[in-house]
Amino acid sequence: MQESKDDTMVPGKATGVIKQLKRLAGGLMVLLPVAYAGNIHQLLNISVYDVQLLALVLTLALSAGFLIMAEHTQKRLLKAADFACAALTFCVGLYVSLYYPMISMEAPYLPIWLIATSVVLFGALIFNLPSSAGIGILSVVLIFLAYGLFGHLVPGELQSRETTLSELVVYLAIDANGMLGTALKVAVIIVIPFLLFGQLLARCGAADFFNDIALAGMGRFRGGPAKVAVTASGLFGSISGSAVGNVVGTGVVTIPMMKRAGFTPAYAASVEAVASTGGQLVPPVMGAAAFIMADFIGVDYSTVMMAALPSALLYYLAIFINVDLYAAKRNIRSVEASQIPSGWYSLKQGWHFLIPFLILFYALFALNMRPERAAVLAVLTLLVVSLIFGYRGRRIALGDIWSVVSSAGGAASGLIIVCAAAGLIIGVLNISGLAFNLTLHIINASGENVFLLALITALISIVLGMGMPTVGVYILLATLVAPALVEVGIPVISAHLFVFYFGLLSMVTPPVALASFAAANIAGAGAWSTSIAAMRLAWPAYVVPFLFLFAPSLILEGSPLEVILALGSAILGIYMVTAGIVGYMHGIVSTWFRCLLLFGGLFLLIPADLFSGGFYTDIIGLAVLGFCIAYKYLCKNRSALPLA
């Protein structure tokens, strides 16, 4: 009996060791990039190449992935096998990191030892993909790998040069254009410090502060619960940079609150899904894809952030208008006064959370500091103010810091693996020449018509984005389809923002709408009905990207007057189309009146410089809006309205 008892204790002890190793790997995944961003290696006079850091952090993420598998299995043999895979991956990856300069010199000669080393890292990545990123991105990676091996057998213009298996594996695992390429570099060096910033904000009570501010600011208006959800999700999404994570983090509070107020489960879930997805459009973080975009197109992150700001404002304004009109139509009131905290008290308790953001913006814009260093400065500032001040009796302690760091590592591991997988795709595109061929085929399919090309690109972006993380989607689209838009004269930043938007919309667009499905699960609503409601709610996001392709003023290119006129026209157009979709404008309106609103709104949304008519489209839209307002005003006191 005693022997049996000891046998049952061994797995428990092993699991405890695995947990500690996993936490250590997660902590190092964060501390190493943060130290690198803070130039600690230069202060210590240690020479480190970027790719050495990337190899080590990827190794830690892959090893942690195997440790997670070992932790979750109860069978000793599988646990031992997973642990052995983690140890082998760590040893091989550490060797590559330490001796990368020598290894890169030997790579063209394909020595047997290097092939074996590459197989270990390559295999570890493929094995970790399903659990870290899902079957969707694994399927895409395998398709591209198959093309890399057998593309020379494809007839016609898509035929690639012949590549041996050993050459392909070594190139993808070791070369800086493969797993250890740009996507991983941005994730490790830039995004991880921001992830730490977000995790620290969540731990020290900033999420509660933002939720209280949202309640205090929006709770007293009609449809207040939904407006609180939109505000809280936008604020929290700017920190988290994850649509599904945002839904789960804020939806558990906001969705039940909306349902209690009278919103249908599907509508409540769609509000949360759409607002959470838009969080990746909101500065200062905007999700990892925005940092990768800045690196791809060779501009400062602040340039991307400012270009995306008008469209983000239009996105959230459209949601607010929809929620307000929907609440008015269904007579949904504000949040109960007893549930609304004092805005002044909340601000007095949490004012210090604003200081790190001010520091971040000052470092980015005034000092023109690199994003990762600005993030480290913001983290240090937040750490200091959080140790000094608390929020509603909640204060972070020194002992909590390691827990925050390791948690950030856990959140970063999936991103690291996704970016490494995206590097595999980019590597195949480079070695095969597919990216250039595909760009030509997309342009030819559109007949070089810019609008048709944009429409084809949007459809490809949504289809490729289904079931994939936003980072993986953007990297794939930026490599495959964005160059086609650039080739026909679209500005580079407009083209990349276009595919970024439509890749992001795959989160709420059926059949695979991850954010909608997560929100539907919380709300107890149907997944499809939630996705359809989300598409109706997020309709401007399907239109606005086309606008800034043809109206550069919507990405802040042009004179201040042009920007103001373009934004004003877009806002009025969004209001009219949303009123037409909801069926409410100072009262319930009839079908013909809704059609009139849709007609006028679309004319206002058409960019003035798209046709030779200039601002004539805006004049028509304004005339329709004036007629609608006058008609409603004249009829409002009559008992039998044709509009009611």
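Analyst: Please note that this is a predicted model. On its surface, W344, L347, W351, L354, L358, V384, L387, I388, F389 and L398 make a nonpolar patch of about 1,000 Å².

User: Changing topic to helix 15: what span should its 30 residues have, and what is the distance between its end C-alpha atoms?

Analyst: Helix 15 covers residues 301–330, and at 1.5 Å a residue it should span 44 Å. Its end C-alpha atoms are 42 Å apart, which agrees with that expectation.

User: Where does the kink in helix 15 lie?

Analyst: The kink is at L309, shortly before the proline P310, and amounts to about 35°.

User: Is helix 15 largely enclosed by the rest of the structure or largely open?

Analyst: It is largely enclosed, because 21 of its 30 residues are buried.

User: And what follows helix 15?

Analyst: N331 follows helix 15, and the phi of N331 is positive, near 60°.

User: Let us turn to salt bridges. How many are there?

Analyst: The count comes to six salt bridges. One of them joins the side chains of K22 and E71, at 2.8 Å from N to O. This pair links distant parts of the chain, with K22 in helix 1 (residues 2–37) and E71 in helix 3 (residues 50–72), 49 residues apart.

User: Is K22 buried, partly exposed or exposed? And is E71 buried or exposed?

Analyst: K22 has 25% relative accessibility, so it counts as partly exposed. E71 is at 13%, and therefore counts as buried.

User: Which residue does D324 meet in a salt bridge?

Analyst: D324 meets R222, with the side chains 2.8 Å apart from N to O. Here too the pair links distant parts of the chain: R222 is in the loop between helix 10 (206–218) and helix 11 (224–240), whereas D324 belongs to helix 15, 102 residues apart from it. Salt bridges that share partners also bring K227 in, so that R222, K227 and D324 form one network. R222 itself is partly exposed, with a relative accessible area of 36%.

User: What about E167: which residue is its salt-bridge partner?

Analyst: E167 forms a salt bridge with R161, and the closest N and O atoms are 3.2 Å apart. E167 is partly exposed at a relative accessible area of 26%. R161 is likewise partly exposed, at 43%.

User: Where does E162 lie, and is it buried or exposed?

Analyst: E162 lies in the loop between helix 7 (135–150) and helix 8 (165–174). Its relative accessibility is 56%, so E162 counts as exposed.

User: How far apart in space are E162 and F263?

Analyst: Their C-alpha atoms are 58 Å apart, and the two residues are 101 residues apart in sequence.

Methods. Residues numbered from 1 in each chain as written. Predicted model: local features only at pLDDT ≥ 70, side-chain atom pairs only at ≥ 80, totals over all residues. Heavy atoms only, no water. Patch = residues over 30% accessible without salt bridge, like charges linked within 9 Å, V, L, I, M, F, W, Y side chains within 5 Å. Areas by Shrake-Rupley, 256 points an atom, 1.4 Å probe, with all protein chains shown as cover. Salt bridge = Lys/Arg side-chain N within 4 Å of Asp/Glu carboxyl O. Helix = DSSP H or I, 4+ residues; strand = E, 2+ residues; numbered from the N terminus. Expected span 1.5 Å × (residues − 1). Bend = angle between axes of the 7 residues up to and from the residue. Buried < 20%, exposed > 50% of the residue type's maximum accessible area, 1.4 Å probe, protein only.
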